[in-house]
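The following note sets out points on the architecture of the two chains and on the contact between them. Please read it alongside the coordinates.

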Amino acid sequence: MNEEHKTNNSVDLAAVRAKLAREDGKRFWQSIEELADTKDFRNFLENEFPAGPEKASDGINRRDVLKLMAASAALTGLSACTKLPTEKIVPYVRQPEEIIPGKPLFYATSVPQAGVGTGVLVESHMGRPTKIEGNPEHPGSLGATDVFMQASVLTLYDPDRSQAVIFDGHVSSWSDFTAAMDNQRIGLAPRGAGMRILTKTVTSPTLAAQLKKLLAQFPEAKWHQYEVCGADSEREGTRLAFGKPVNPVYHFDRADVIVSLDADFIASGRGHVRYIREFSSRRNLAAGPASNLNRLYVVDSMTTSTGAMADHRLPLSAAAVEDFARQLATAVGVKVAPVGGVELPGDWLGALARDLMHHHGSSLIVAGEQQPPFVHALAHAMNAALGNIGKTVEYTDPLEANPVNQIESLRELVSDLNSGQVEFLLILGGNPVYDAPADFNFADALMKAKLRVHTGLYNDETAELCHWHIPAAHYLESWGDLRAYDGTVGIVQPLIAPLYDNHSQHEILALFTGDGDKSGHDLVRDYWQSQWPKKETFEAYWETSLHDGVMVGTALPMIPVSSNADFASQAASRAVSGGTNALEVVFRPDPSIGDGEFANNGWLQELPKPITHLTWDNAALISPATAQRLGLARGDYVKLRFDSREAQAGVFIVPGHADNSVTLHLGYGRSRAGKVGTGPGFNAYLLRTSGSPWIGQGLSIEKTGKTYSFACTQQQNTIDVEGHPADEETANADRRDLVQIATLEEFKKNPAFAQIPETQVDRDLTLYPNVKYEGYAWGMSIDLNRCVGCNACVVACVAENNIAVVGKDQVERGRAMHWIRVDTYFRGGLDNPEVYYEPLPCMQCENAPCEYVCPVGATTHSSEGLNDMTYNRCVGTRYCSNNCPYKVRRFNFYLFSDYTTPSLYGVRNPNVTVRSRGVMEKCTYCVQRINAAKIRSEEENRTVRDGEIQTACQQACPAEAIIFGNINDPNSRVAKLKAQSRDYGLLEDLNTRPRTTYLARVRNPNPEIRD
Amino acid sequence: MAQIFHRSTNLISRASIFGGVVIVGALACALYAIAMSPWYTEQNLVRQQPVPFSHRHHAGELGIDCRYCHTSVEKSSFAGLPPTETCMSCHSQIWTNASMLEPVRASYRDNTSLAWTRVNALPDFVYFDHSIHVAKGIGCTTCHGPVADMTLTYRAGTLYMSWCLECHRQPEKYVRPKSEVFDPYYQPPSHASPLTFEGKTYTDQLEFGRVAIKEYKIQSLQNCSTCHR
């Protein structure tokens, strides 16, 4: 009956709505294309690698193919006749004591993210950092990482990083630069008039001390700060609420009820890695139905990662969130002028307010960075009214050394530049030419400075317009210090000497403070020594701090705050848009490449973004209803006009997006990012002004008539649940749902809801004899209740297993190489569906369909239940991937691994083969880690301890959703999880007996709300 | 109608049919012989090294323990090649003027590494680990051959997968007491040289090997992922 649809690629949203309405909201779906049953979707569903239109190679015909086949068959054998190349072994002259060749070392350091540090342990092979792991001792990490931290190691080896000191477009040298700066210093003395320094957010105590010293020497010099995705709204919100800027520290683990006002605390913001851990700890169902689950309400415009985790989500345009916050504040007893105008479904607000009041002291309200300071202040006032301060939220002094409003700080700099007051501008990091608000015309203003110096990792848009460009040292190459989300200082220590002529900000500032002869190490160490009371004990403290990655006792103390009640009487900060069809524009940092800082990182560019699963692109994200109203379809190329500025973008429809709102992700459309980052997407900064840094009203969209093609992985690798012709097993089709869910009420009534008797098959129903696994039997359990879809596992897997980047064109053909993917399922209508994440690595089936069909024995079963993949045996028939119902096998259609760029050799894990063309690959449960742990245990004459082996995905996971271990040991964590009643496998009726199983999701909706 | 082909053609065609089979067979045998020959496997091939280092002299005649130079053999996958400093710990005192040792002194002086040519090479898709083999009672000479007799070092085995599996399938044929792992002159137990192990005397390798694999918990690992990943 679908024949006519199968030939059609267009999506009729009205028909999709009608279809969903017929299915009473029980159906899980992954994409609108799936619901519309488009030709592309069918193609991806029925073929693991759809025979997409390859670039037509001219003039090839059947005879040529046969000739080539015959020739290659004849030559296949010859390829084995190569001798091994002669290799050299180059030992040390003097071997450092701690290095054992072949064994990695781990060092603690801190990763900067918008100025705030998160502690990590970096794996180093013979002095070569290869992998970032979280530092369990560090409060901001607790052992976990996020996508940016995982991918930062690739940036270190990026061949496009700037490598030489540049003066006036020509290669110069550091010594020339220091000489020139010496002249500047003398020229600017004594007062430093006309000297300006522009930094990003500074939390580093050493850098702050250096800046202070410099400003003391040159009293007329000025220090400005600008960071796009900093914490301006948060900071100004606290200034409004408490009369002074403070730093909120949340305790999500103590909150029973959480309300997010457009806050995506899972994906971004200070402390988000720790906050995921805290949040997920309250989604733990180890105690069964008696577990104390938290409840999350989210009001957001774009379906964010946080929104996807909500028990109740309300899509509201970003501007309407303020109205909502005012109504909610009134309902919980904060005196504020309500504006009204926003229609809320049923008694949503009343039920929410009652839930909050009921959890006095154990609720939490957080506001998002996109929201104006007023909403932040309201959130603080509500937390105060609900008795949460001191319980679920505490405050410290600001992390920043100088907490200024950064847009205003940049505005001041621009006005000084325009009035010709700036003699000398030193830009320490950042790329304001690209990312400053469009109304500042920063590039024009910049050219008015007499001498411009820029330091950054790349010779970027800003570097191009500066006289001097100094290649900045990567954090893995330099000394420094950073404050974590709670103020704890972590030392940044280098893992490797600078690859090129790189220098840190500390070293550059030191040129002006008379410390030019000091190394980065001495600058940082001397600062801390000066802070330490007793000289004799400093050495020990310093050594411990370096080793642990945390400086004990540096966390900022919690301070009392007193509310400034006046702010709440403030009128609405803007006209209410409710009811009209005017479009608003919302800017957000890109979930994969942030504000553009990571644009040249292939791992991040190729990472499917949460919810949209877009790669290599940003888009104008709109809701299905708005698309219908404006007559837009996915891929329409449109002209966006806002505030008399223009940009062109492709339209992408996001289920659950708020109506009449257009979300634009920042960071794309770079013109000087490098080979990877220059090109993809469009530059949303062109529309972003200082007046509307995050939310703007009055966007207009105009079709250009052209279309834009996205590399979106959402409909790729769709698991075919129907499988058989419809008449055969229709009865079971809906019982084969890949996501099993229940509400807490349903879970209490039927704790084994996820185990469907119909899908259980007789274990003996197999042609092959049953195998009994003695010794170790490796297995994995993934808790869908904890997973927040942050993608950290995907990038960790890429880094650990040398997974190649394939590029946009190949991703469009379904050839992305990720061994683990985060499938996203929706349930319910298009306008506000429930969202479910399902991380999907290889299932390591005990009866693996892939193994039976391999003609060369390249994929075989290990005695411990692993589905081994032997690359050197694989001849690339692709029978295995064709037979894999979970679609987890990846094929190297081309030589995707970079064999030629020397700097990229550095990032590779030496314990994993770099795969070549024509080879199948897949998840191995990180067999290199299993083998290493087994060898260690055998040498110590013991068995592998539970938790000793962590797969890369497990180790990175901030939510602790992935647990790996020996299922033969009933006391192991994984065996206990698999014994829970929520445990289920995917497509169990196929009798594949997957070793990876899932723990079903349990929602905790408010019984008073009927969505 | 006259015959096109002469009768003798029958013989030619018969000969070429059977001859063809023989030629193909002979070719296959020849290819196999080439693949197993030292010319191709580089077995027994002495390689040019920056310094003509003699294991016979150092490990054999002087009796220096393997681990004096190959320090990480018990800790790591890689046995380790000595840093120049290790050579100089003796050669700063003896043979200080030997011209043969000039590259070593130059390396130490100029802080530039010696570049040795790898003798025992495995392809990059094979992950071998020295430490676990040594820990389980597989001696150095079992794989590396009579090192103590090698004036110049060569590869003693083919290092083919079948060669590895030979032992992985029957470790009892090769295991020795852990205490003898680093003995370059170790001989398996025989009537001439019986072996005492845990208070019992053995005169047969297999008999000893079966006891040792139980005692040392030696597994016969033949999973692909044991070595390939």
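1. Helix pair in chain B. H5(B) passes H6(B) in a left-handed crossing; a crossing is called left-handed if the near helix is turned anticlockwise from the far one by less than a right angle, and right-handed if clockwise. Helix H5 spans residues 84–91 of chain B and helix H6 residues 102–110 of chain B, and the two pack at an angle of about 115° with their axes 10 Å apart. Axes are lines fitted to C-alpha atoms, for helices over the stretch in contact, and angles run from 0 to 180 degrees between N-to-C directions. Thr84(B), Cys87(B), Met88(B) and His91(B) of H5(B) make the contact with Val104(B), Ser107(B) and Tyr108(B) of H6(B); two residues are in contact if their C-beta atoms, placed from the backbone, lie within 7 Å. The contact of H5(B) with H6(B) has 4 nonpolar, 3 polar and no charged residues. Here Ala, Val, Leu, Ile, Met, Phe, Trp, Tyr, Cys and Pro count as nonpolar, Asp, Glu, Lys and Arg as charged, and the others, Gly among them, as polar.

2. Basis of the model. The model is predicted: local features need pLDDT of at least 70, side-chain atom pairs count only at pLDDT 80 or more, and totals for chains, interfaces and linings use all residues. Residues are numbered from 1 along each chain as its sequence is written, while chains are lettered from A and ligands numbered from 1 in the order in which they are written. Helices (H or I, at least four residues) and strands (E, at least two) are DSSP runs, numbered from the N terminus.

3. Interface between the chains. In chain B, 37 residues are in contact with 33 residues of chain A. On the side of chain B that touches chain A, at least two residues each are supplied by H5, H6, strand E1 (116–117), helix H7 (130–135) and helix H11 (224–227) of chain B. H7(B) gives the most to this side, with 3 residues. By class, the side of chain B that touches chain A divides into 16 nonpolar, 14 polar and 7 charged residues.

4. Opposite Lys88(A) stands Thr117(B) in E1(B).

5. Domains. Domain bounds come from an automatic or database domain assignment. For chain A the assignment gives domain 1 (1–46), domain 2 (166–230 + 402–548), domain 3 (247–396), domain 4 (583–712) and domain 5 (717–764 + 773–1003). The C-alpha centres of domain 2 and domain 5 of chain A lie 45 Å apart. Chain B has domain 1 (11–41) and domain 2 (55–81 + 116–227), with 37 Å between their centres, taken over C-alpha atoms.

6. Parallel sheet in chain A. An open sheet of 4 strands has the order E13-E12-E11-E14 (chain A), with parallel pairing. Its edge strands, each pairing on one side only, are strand E13 (312–315) and strand E14 (363–367) of chain A. The twist averages 10° from one strand to the next. Within this sheet, strand E11 (residues 257–261) and strand E12 (residues 295–300) of chain A pair in the parallel sense over 5 bridges, and Val257(A) stands opposite Arg295(A) in E12(A). Helix H14 (residues 373–385) of chain A packs on the sheet and touches E11 and E14 of chain A; the direction of H14 makes about 170° with that of E14(A).

7. Helix H12 (residues 320–331) and helix H13 (residues 348–358) of chain A pack at about 50°, with their axes 9 Å apart. H12(A) is therefore oblique to H13(A); angles under 35 degrees count as roughly parallel, over 145 as roughly antiparallel, 65 to 115 as roughly perpendicular and the rest as oblique. The crossing of H12(A) past H13(A) is right-handed. Gln327(A), Leu328(A) and Ala331(A) in H12(A) meet Leu349(A), Gly350(A), Leu352(A) and Ala353(A) in H13(A). These residues divide into 5 nonpolar, 2 polar and no charged.

8. Barrel and hairpin. A closed barrel of 6 strands runs E21-E26-E23-E25-E24-E27 (chain A), with mixed pairing. Elsewhere, E3(A) and E4(A) form a hairpin with 2 residues between them, and Ala114(A) in the turn has a positive phi of about 50°.

How values were computed:
Two strands pair if DSSP finds at least two bridges between them.
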